[in-house]
Amino acid sequence: MFMRFFATMGSKLLNVAQGLGEMLALLCQTIYYFKEAPRNLTSILRQMNIIGVDTLPIAMLVSLFVGMVLSVQTGTELALYGTQEAIGAIVGVSMVKELGPVMTGLLVAGRIGSAMAAEIGAMQVYEEIDALKTLEISPVRYLAMPRLIACLLTVPALVAFAIVVGIFGGGVIAEVNPKINVPFSVYYDNMIRALSYKEIFKGLLKAMVFGGIIGHVGCYIGFKTSGGARGIGESTTRSVVLSFLLIMVANYFLTRFMI
Amino acid sequence: MTDSDKKAKNGHLQNSSNPRGTFWSQLAHGFSPAIVEGDSCQVGYESSSGVSIHIENLNKSFGDNHVLKNINLDIEPGETFSIIGPSGTGKSLLLKHIVKLENADSGRILINDHDVSETEAINAKRSFRYSMVFQSSALFNSLTVGENVGLWLREKRICGEIRIRRIIQEKLQLVGLAGKQELRTSELSGGMKKRVAIARSLAMSPDLILYDEPTAELDPVTSDELARVIISLREKVNLTTIIVSHDLNFALYLSDRVAMMHDGEVVAIGTPDEIKKSQNPIVRNFIYTTTKGIQGEGG
């Protein structure tokens with residue numbers, strides 16, 4: 001009874017260790033191929049278009065409402081103590097440090113990471129990856145490298161837009177909500193005073209790490225796909241779950257070490 | 001289809017037969033620096049010469065399932081060699097070993113006396129190219145027909161861009177798909193996909209070409225066309241061809257020699273005539289079936 005328990009635990013642990021090792025190996029290979037990036041400029045730009053331009057409207061809409069709800073929630077509480085002028089600082093700092101990068105990261109993981117896993121997974125299942133290998137083209141260079149670079153560059157850009165829109169949304173609510181009633185100029189001054197370039201840089205650095213996680217997980221899960229249409233479906237789910245998990249874990253450690 | 005539709009379609013085809021391709025494809029591949037390198041190709045691209053293959057005591061297992069059992073085969077340079085046998089006997093797996101998509105548990109495969117399992121560095125120096133036509137065609141969905149055919153040339157920077165476009169045109173013409181460069185792969189029928197896959201393989205100017213179940217999804221007429229393409233290739237280009245198929249008549253019609261696999265083992269090797277006359281019960285059982293066997297002769 002106990003033996004079986006330990007055997008199951010052991011084999012699960014081994015699986016996790018093997019998965020981590022494979023992910024690390026793939027990451028090293030992908031980074032090795034960064035030197036070939038200029039050659040694959042077209043496919044990097046194509047991926048940046050998919051990740052950036054196509055995701056921008058929904059990312060801005062999401063962060064607009066995040067900023068607005070933040071403003072309503074904290075503003076009405078602050079108004080009880082008559083300190084609602086601080087709302088600019090609160091919305092600004094939380095958008096830049098946490099909500100902007102994390103919310104956008106989760107959105108991109110759901111929208112792009114899953115699509116990547118499904119696309120590469122389908123290529124794996126339908127022998128296209130094998131075909132690439134017989135054409136002597138490295139699948140890592142041809143598929144993973146452009147996606148990882150595109151994610152690393154595009155997610156911070158998306159987050160920058162998201163932060164601006166979120167702060168704007170918060171400001172509008174602070175002005176129009178009768179309970180808060182903070183003029184936009186006051187909100188803006190307060191927000192500017194609270195933010196420094198360093199904070200913004202840290203927020204964008206987080207976004208870049210999240211982008212890397214999304215791109216890498218999408219490609220890794222895609223390459224590991226097997227078992228037909230059902231396998232592709234499972235890969236899609238798995239990539240979203242793993243990206244969410246890794247983003248949350250990375251967020252804690254990044255925050256802890258950047259304080 | 002109305003007249004104006006027809007005109008539009010004809011116009012489209014005329015445009016796409018332009019060797020420079022459409023504006024967009026020129027723009028996309030203009031990023032490739034190959035465009036400035038002019039009309040020449042890398043040395044050795046044009047010439048292909050058949051290779052010999054020597055397979056020695058090859059074994060492969062998946063868990064308890066011993067799929068390939070002590071395979072020994074010798075294939076001569078320039079030969080058209082077919083491997084026939086029922087589904088699930090390891091024919092396709094054997095092909096995947098030859099092109100290094102799978103690693104053997106024991107035994108070795110020599111192509112022109114180079115061991116294929118040796119490290120990349122040694123393989124980089126080898127003097128032959130191989131390509132494989134997959135059962136599912138395995139075309140890249142995100143690319144057009146022309147881009148699929150030219151992928152290897154562009155990625156490896158074998159030729160200048162203008163030359164690449166001409167090669168794409170030539171290879172598509174060879175498989176009877178002239179002027180279809182700009183079509184999406186999703187617009188193609190099963191037989192056309194297969195022919196594009198063959199054109200993609202030919203664009204490598206290979207010394208060894210492997211077909212995995214080339215007739216699996218084709219109707220009899222298209223199978224005949226495919227056979228003609230393979231035969232005309234053999235006449236024009238000196239290459240070694242390996243065909244894996246359970247389509248008995250197709251294999252017997254095309255091949256110089258045929259090997260029969262059964263249950264992970266090679267049970268018979270010989271010319272098509274020798275195979276037809278074989279007294280081996282396993283071979284007779286396979287070739288004299290009712291619906292797909294060869295006609296007459298005790299069927």
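This is a predicted model: local features need pLDDT of at least 70, side-chain atom pairs count only at pLDDT 80 or more; totals for chains, interfaces and linings use all residues.
1. In chain B, strand 3 (residues 80-84) and strand 8 (residues 240-245) run parallel to each other and are joined by five bridges, where strands are DSSP runs of E with at least two residues, numbered from the N terminus, and two strands count as paired if DSSP finds at least two bridges between them. Within this pairing, B:Ile83 stands opposite B:Val244 of strand 8.

2. Residues are numbered from 1 along each chain as its sequence is written, and chains are lettered from A in the order in which they are written.

3. Strand 3 of chain B also pairs with strand 9 of chain B, again in the parallel sense, through four bridges; here B:Ser82 stands opposite B:Val258. Five of the five residues of strand 3 are buried, a residue being buried if 20 or more other C-beta atoms, placed from the backbone, lie within 10 Å of its own. Both faces of the strand are covered, with B:Thr80, B:Ser82 and B:Ile84 on one side and B:Phe81 and B:Ile83 on the other.

4. These strands belong to an open, mixed sheet of six strands in chain B, ordered 6-7-8-3-9-10. Strand 6 and strand 10 (265-270) are at its edges, and each has a single partner strand, so one side of each is left without a neighbour in the sheet. Strand 10 pairs with strand 9 (residues 257-262) in the antiparallel sense over five bridges, and B:Ile269 in strand 10 is the bridge partner of B:Ala259.

5. The contact between the chains involves 13 residues from chain B and 11 residues from chain A, counting two residues as in contact if their C-beta atoms, placed from the backbone, lie within 7 Å. On the chain B side, strand 6 (130-133) and helix 5 (145-155) are the elements that give two or more residues, and helix 5 gives the most, with three residues; helices here are DSSP runs of H or I with at least four residues.

6. In chain A, helix 4 (residues 87-125) bends by about 60 degrees at A:Met95, the bend being the angle between axes fitted to the seven residues ending there and the seven starting there. This helix is followed by A:Glu127, whose phi is positive, near 65 degrees.

Methods
A residue is buried if 20 or more other C-beta atoms lie within 10 Å of its own, exposed if 12 or fewer, and partly exposed in between; C-beta atoms are placed from the backbone.
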